[in-house]
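This briefing goes with the sequence and model shown below. Please keep both at hand while reading the points that follow.

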Amino acid sequence: MIRIGVLISGSGTNLQAILDGCQEGRIPGRVAVVISDRADAYGLERARRAGVDALHMDPAAYPSRTAFDAALAERLQAYGVDLVCLAGYMRLVRGPMLTAFPNRILNIHPSLLPAFPGLEAQRQALEHGVKVAGCTVHFVTAGVDEGPIILQAAVPVLEGDTVEDLRRRILAEEHRIYPEAIRLFAEGRLVIEGRRVRILDRAEAPRG
């Protein structure tokens, strides 16, 4: 059973999908702590309702972004976190976090990476006139949305779609594949080979 730390900035719908996955036994683990960089993030209330410690850490209270990330890593380590999941966390993860949790930070992004990294991916997709959009779970590295890809899911872009229409359609797939990626990590079935992630069969996964 792995201990998961979730970082959020907003409403926390992907956090809720993770909480539900743990409660229902689809993820062999539990959420140990939820941390937000915003005091008003509704995801903190979701965590409290699930009986999970919910903390606000104010970046403005630290002298630099690096200092904030060092404090964040220290707090997560104090909770014995094995895996960090970014769930609508709107800050770049920097050196201290990457050093503290090497290949142990996941993110969900609302595009089929490497297309449309960064902010407003759904708007970027519509403006480029793509016919298929989607979402990606990937390991976090120093580059923006550049880490090795674990899982992806595609959704059609329909005639007349607004950004909100596409966002909702993609979000439904995010809630499906993020818990699945966490389960694969918890089962020791993800192997990073350069830019690629190989998913082991159950029989190949390490035991114990």
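The model is predicted, so to speak of local features requires pLDDT of at least 70 and side-chain atom pairs count only at pLDDT 80 or more, while totals for chains, interfaces and linings use all residues. Residues are numbered from 1 along each chain as its sequence is written, and side-chain values use heavy atoms, with hydrogens and water left out.

**Largest pocket**

- The largest pocket holds about 1,100 Å³ of space. Its lining has 41 residues, and G88, Y89, M90, P110 and L119 are the closest to its centre.
- A pocket here is an open set of points on a 1 Å grid over the protein atoms alone, where a 1.4 Å probe fits, with protein on both sides within 12 Å along at least five of seven lines; lining residues have an atom within 4 Å of a point. The volume is the space filled by probe spheres set on the points, which are joined across faces, edges and corners.
- At least two lining residues come from each of α1 (13-23), α4 (95-100), β5 (105-109), α5 (121-127) and α6 (163-186). Helices (H or I, at least four residues) and strands (E, at least two) are DSSP runs, numbered from the N terminus.
- With six residues, α6 gives the most to the lining.
- The lining divides into 17 nonpolar, 15 polar and nine charged residues. Ala, Val, Leu, Ile, Met, Phe, Trp, Tyr, Cys and Pro count as nonpolar, Asp, Glu, Lys and Arg as charged, and the others, Gly among them, as polar.
- M90 sits in the loop between β4 and α4 and counts as exposed, at 58% relative accessibility. Exposed means over 50% relative accessible area, buried under 20%, and partly exposed in between (1.4 Å probe, protein chains only).
- From M90 to R176 there are 86 residues in sequence and 21 Å in space, C-alpha to C-alpha.

**Sheet**

- Seven strands make an open sheet of mixed pairing, in the order β3-β2-β1-β4-β5-β6-β7. Because β3 (53-56) and β7 (149-156) each have a single partner strand, they stand at the edges, and one side of each is left without a neighbour in the sheet.
- Two strands pair if DSSP finds at least two bridges between them.
- β5 pairs with β4 (residues 83-86) in the parallel sense over three bridges, and L106 is the bridge partner of C85.
- β5 pairs with β6 (residues 132-139) in the antiparallel sense over four bridges, and H109 stands opposite T136.
- Five of the five residues of β5 are buried, so this strand is largely enclosed by the rest of the structure. I105, N107 and H109 point one way, and L106 and I108 the other way.

**Helix α6**

- α6 has 24 residues and reaches 34 Å from its first C-alpha to its last, close to the 34 Å expected at 1.5 Å a residue. The expected span is 1.5 Å times one less than the number of residues.
- Buried residues of α6 include L166, I170, L171, E174 and I177.
- Just after α6, G188 has a positive phi of about 70°.

**Loop between β5 and α5**

- Most residues other than glycine have a negative phi, and most peptide bonds are trans.
- P114 is in this loop, and a cis peptide bond with omega about 10° joins L113 to P114.
- F116, also in the loop, has a positive phi near 55° and is buried, with a relative accessible area of 15%.
- E120 lies in the loop as well, and its phi is positive at about 55°.
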